[in-house]
Amino acid sequence: ERSGHAGVLAGLDPDQARAAAATDGPLMVIAGPGSGKTRMLVHRIAHLVRERGVPAGACLAVTFTRKATEELRTRLVALLGEAGRAVAVHSFHSLGLAILRAHADRAGLGADFRIAGEAERRAALADALGLGEARAARLLQAVSALKRTGAAGPVEAAEACAVLARTGRAQGWVDFDDLVVLSADLLAADAEIAAAWRARFPHVVADEFQDVDEQQYRLLRLIAGAEGRLCVIGDPDQAIYGFRGADAACFARFARDFPAARTLRLARNYRSTATIATAAARLVGAPGDGIVRPGGTPITTHVAADEAAEADFVAATIEDLLGGHDLLAAGCDRGDAAAGALGFGDCAVLYRTDAQAAALRAALDRAGIPFMKSSPAAIAGHPGVTAILDGLGPADGAEAADDAGPRLAARIAAAAEAVRRAGRAEPAALAEARGWLATLAASEAVGGDPARLVEAVALSTEADFRDRRADRVSLMTMHAAKGLEFPVVLVVGLEAGLVPFSWGDSAADEAGQAEERRLFYVAVTRARDRLVLTRAAERHWRGAVRRLPPSPFLADIAADLTVAAAGARRRRPARQLDLF
Ligand code: ATP
Ligand code: MG
């Protein structure tokens, strides 16, 4: 069934529709948070498939995390039905992997090459160079940085790189960063293979383009070819991965590499209330126009005595908002957030460093508030995962394609049970790992194949398993919140030293500070209806209790948009008690 032009693009405003329909050459879509960039991406693909007769399998969407690929898939299926499943949706790493798998021999890899986890690479390095673990770990980080930027690095990192490549080839593995580098190398070196991939994906879209690094950009460019049916989407004000070699100058580079490229902008912020959008615009010196949603409740600020009190304040605030008590907003416009209709899953608590989560977890536990923490940590080195995978044992070879998934799930359960009986992993870690592996086993990418399971593990972080349907408060770092939105966002730890983060050397470089500001901007712009900003007067920080001054960024959100929360807050009973 073929819908009319208005069909697929009807859900877009005129700017978004123009961007979605501009499919016959290279295109940059540059726009602020909440302007519908990701929404436009999905509609663009739907438009190609429904209205331009492009086969769904000829469209490639590239984004950063496994979770983000799942979100895109869900939205594509919602718009396109079954055809949405045929669209190629990849993270940069899974795209590299698909290319290398298809041409392992030409890439100089064995047909059954695997991805080595961090522990294995560290051990290989320590072994080959006779280093201690800590030293090998540091060197491994330098190697990773070297690979991402493609720039010259310290001599020893270059040497370590060569050692790892040799050992990896001999033992049949590549590392995570290799997936992008080697696949780009392959496309650059082999015109025939490159042409085949270009023919396969005449339409390529990349989301969050401001965060691509040198090698990821190279891969995109090679796959798009010279005429470049490539659409890149992003926001330079949200570039937060400079420390990993990403470079928002990639937009300028794109314009140079594709002289025919058009640039389109989206002007309206659909996500945040005027209050939140205005505060955010001030942070980065943006004009603050294009605000769609009127008014909004003032931004709540609060200074707690220490990190425990700050965490208690977070718990109490969530209680208030969900219970409809909303004492904070007394006398304020609250039409937007529909107090009382909110669930735990509508709330996110964002922090700069993972270490800050401990106090929050404790406070939410005390208050009986369900939460899930999305850690950016790779699951590959996790003790529970390692123990289960070690115990998985060989497949019996009798698996029919139809029940391979359930079979694999059963083997994971059996391995986890064996590990538990043998006491080889902490019960909590084991339960967590078992859940992740079961989720992966049931995923499309794994399809019941144990080798693919190991591969999927190598590509996953803990944050990838955040379940949006679960009614739990999300705890995550500001970095992990990229691209997401929540009705209620609480940003904690707003003290100089944390936000902006200081690495403890006095020569804090200007580029780093600017990136920290953009990171805070990303955090603030996740909020739809309510934004709460807190800091602690005193906190345990670098081995001592310290009084850190307020984040200088707070001063940029002028007082006219904020309201201070009442100082001492009454402790509320745990939420479950409300049931009785
Ligand atoms: P970010 O920079 O944070 O990734 P984004 O530009 O990708 O943001 P989206 O996540 O696509 O923004 O959209 C933000 C919110 O606004 C979503 O809830 C989306 O559904 C909504 N939205 C976007 N465009 C429209 C529109 N034309 N009409 C109604 N809602 C819209
Ligand atoms: Mg987006």
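Strand β12 (residues 347-351) pairs with strand β15 (residues 486-491) in the parallel sense over four bridges; helices (H or I, at least four residues) and strands (E, at least two) are DSSP runs, numbered from the N terminus, and two strands pair if DSSP finds at least two bridges between them. The model is predicted: local features need pLDDT of at least 70, side-chain atom pairs count only at pLDDT 80 or more, and totals for chains, interfaces and linings use all residues. Residues are numbered from 1 along each chain as its sequence is written, while chains are lettered from A and ligands numbered from 1 in the order in which they are written.

Five of the six residues of β15 are buried, and the strand is mostly covered; a residue is buried if 20 or more other C-beta atoms lie within 10 Å of its own, exposed if 12 or fewer, and partly exposed in between, with C-beta atoms placed from the backbone.

These strands belong to an open sheet of seven strands with parallel pairing, in the order β13-β14-β12-β15-β16-β11-β19. At its edges are β13 (371-374) and β19 (562-564), each of which pairs on one side only. From one strand to the next, the twist averages 25°; axes are lines fitted to C-alpha atoms, for helices over the stretch in contact, and angles run from 0 to 180 degrees between N-to-C directions.

Another open sheet has six strands in the order β3-β2-β6-β7-β1-β8, again with parallel pairing. Five bridges link β1 and β8 in the parallel sense, and Leu27 has Arg262 in β8 as its bridge partner. Helix α2 (residues 14-21) packs on the sheet, touching β1 and β8, and its direction makes about 150° with that of β8. Helix α4 (residues 66-80) likewise packs on the sheet, where it touches β2 (59-63) and β3; its direction makes about 160° with that of β3.

For "binding site", an unreviewed UniProt entry lists Ala31, Gly32, Pro33, Gly34, Ser35, Gly36, Lys37 and Thr38; such annotations may be inferred rather than shown by experiment. Pro33 lies in the loop between β1 (27-31) and α3, and counts as buried because it has 25 C-beta neighbours inside 10 Å. Leaving aside neighbours within four places in sequence, Pro33 is in contact (C-beta atoms, placed from the backbone, within 7 Å) with Asp235, Gln238, Asn269, Arg271 and Thr525. Ser35 is also placed in the loop between β1 and α3, and is buried because it has 24 C-beta neighbours inside 10 Å. With neighbours within four places in sequence again left aside, the contacts of Ser35 are Leu266, Arg268 and Asn269.

Of the 17 residues around ligand 1, Gly36, Lys37, Thr38, Arg39 and Tyr270 come nearest; a residue is near a molecule if its C-beta atom, placed from the backbone, lies within 6 Å of it. The elements giving two or more residues to this shell are α3 (37-51) and β9 (269-273). Helix α3 gives the most, with three residues.

Terms used. Contact = placed C-beta atoms within 7 Å.
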